Amino acid sequence: MSLDTPIAQPATAAAAPVRPAPGLSRLAQDLLPVLYQHRLVATSQLHALFTPHARRPVYLRQQLARLRADGLVDATTRRTTRRGRAELLWYITAHGADAVAHDPTIPRRGYRISPQTAASQLQEHTLTVVETGVAFIDWSRRLGHECSPLDWEPEVAHRIRDGETRGVDDAFMIPDAVLRYTHTTNDGRRRMLSFFIEVDRATMQTTRLAAKLSAYARYQSYVPHAGGRGRRSTREAWRDHYPAFPRLLIVLTGASDRVLANRVQDLRALAAADPRVSQLTAGVTTLQLLQDKGPFAPIMTPLSGDTAPTDVFLAPTGGSRA
């Protein structure tokens, strides 16, 4: 197995699994940690994740209703409609989160969604991040790879104390998600990949995008103090979490093809203006291309250098994927 960026396992992963909650089906038990981790998920997205072979999510809805009746989850209505219909968005309650927190295999989330946040204008961004994860899972099934509903984690904070901090926002690099994916070749070789996912719904100002790209570049080179009289380590901070620095995938949506194409050019211009950003292994695509053609089709425009489309490996043209 090639360890490009392997999935880090919690130290307690070998502990005995938590006993299933009495009376809950296997599907209901699987839904709880996903809602805990991803905060807000549409019924259609849960259908794609858990019951993709069912024509209609009848059984899924039954299990969600059971969880809701037990006070473990709740739902709100999507602010925008799909095909003229209002859609339910599901989130875990405090009671449900407490139940999930007893599972030693689930990473702890300090953030808990409230009914007010679930109904707020943050809905679409949260759902787009989930939709990106759903696309990876869909293609992993088609291609015989591995990616599960818990293989991406939203908003993982990475601290940066490099002397350039001007406020709280500059003290952390926070991707929209960290996604882990196991790629398998036809001859059975397995390669474990990690990605920083950044979603842009064409609502973010280019100056803010530039600041986010700069944060990724700062984190890539950030070496923390080792402690004691200002001594510095010789090891970058990211190496404590990733054997290789994750590739950065910027996923665009929310506008016409022309607007998104212009957005790609803007992002490349921002990268060219900052020598540190040009050192990132990063690419830009659209959510539509990711869904329609998959991550291992030539859907990515590199953030720097050659504009020739490539896949999520983001290897230079003619380069090796090893």
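This is a predicted model: local features need pLDDT of at least 70, side-chain atom pairs count only at pLDDT 80 or more; totals for chains, interfaces and linings use all residues.
Trainee: OK, which residues of H7 and H8 meet?

Mentor: From H7 come Thr 206, Leu 209, Ala 210 and Leu 213, and they meet Arg 263, Asp 266, Leu 267 and Leu 270 of H8. The residues of this contact of H7 with H8 comprise five nonpolar, one polar and two charged (Ala, Val, Leu, Ile, Met, Phe, Trp, Tyr, Cys and Pro are nonpolar, Asp, Glu, Lys and Arg charged, the others polar).

Trainee: And at what angle do the H7 and H8 axes cross?

Mentor: Helix H7 (residues 206-221) and helix H8 (residues 257-273) have axes that come within 10 Å and cross at roughly 50°, and H7 and H8 are therefore oblique to each other. H7 passes H8 in a right-handed crossing.

Trainee: Switching to H2, how is it oriented relative to H6?

Mentor: The axes of helix H2 (residues 43-50) and helix H6 (residues 123-143) come within 10 Å, with a crossing angle of roughly 20°, which makes H2 roughly parallel to H6 (the term covers angles under 35 degrees). The crossing in which H2 passes H6 is left-handed.

Trainee: Which residues make that contact between H2 and H6?

Mentor: On H2 they are Gln 45, Ala 48, Leu 49 and Phe 50, and on H6 they are Leu 127, Val 130, Glu 131, Val 134, Ile 137 and Arg 141. Sorted by class, the contact of H2 with H6 has seven nonpolar, one polar and two charged residues.

Trainee: What about H2 with H3, is that crossing left-handed or right-handed?

Mentor: H2 passes H3 in a right-handed crossing, and the axes of H2 and helix H3 (residues 58-69) come within 10 Å and cross at roughly 115°. Thr 43, Leu 46 and His 47 of H2 make the contact with Leu 60, Arg 61 and Leu 64 of H3, a set that divides into three nonpolar, two polar and one charged.

Trainee: New topic: how many cavities of 30 Å³ or more are there?

Mentor: Searching the whole structure gives three cavities of 30 Å³ or more (on a 1 Å grid, sets of points where a 1.4 Å probe fits but cannot get out, with lining residues having an atom within 4 Å of a point). The largest cavity has a volume of about 60 Å³.

Trainee: Which residues line the largest cavity?

Mentor: The lining consists of His 38, Arg 39, His 125, Thr 126, Val 129, Val 130, Trp 152, Pro 154, Glu 155 and Asp 176. H6 and strand E4 (152-154) are the elements that give two or more residues to this lining, and H6 gives the most, with four residues. By class, the lining of the largest cavity has four nonpolar, three polar and three charged residues.

Methods: Residues are numbered from 1 along each chain as its sequence is written. Side-chain values use heavy atoms; hydrogens and water are left out. Axes are lines fitted to C-alpha atoms, for helices over the stretch in contact, and angles run from 0 to 180 degrees between N-to-C directions. Angles under 35 degrees count as roughly parallel, over 145 as roughly antiparallel, 65 to 115 as roughly perpendicular and the rest as oblique. A crossing is left-handed if the near helix is turned anticlockwise from the far one by less than a right angle, and right-handed if clockwise. Contact means heavy atoms within 4.5 Å. On a 1 Å grid over the protein atoms alone, a cavity is a set of points where a 1.4 Å probe fits but cannot get out, and a pocket is an open set with protein on both sides within 12 Å along at least five of seven lines; lining residues have an atom within 4 Å of a point. Grid points are joined across faces, edges and corners, and a volume is the space filled by probe spheres set on the points.
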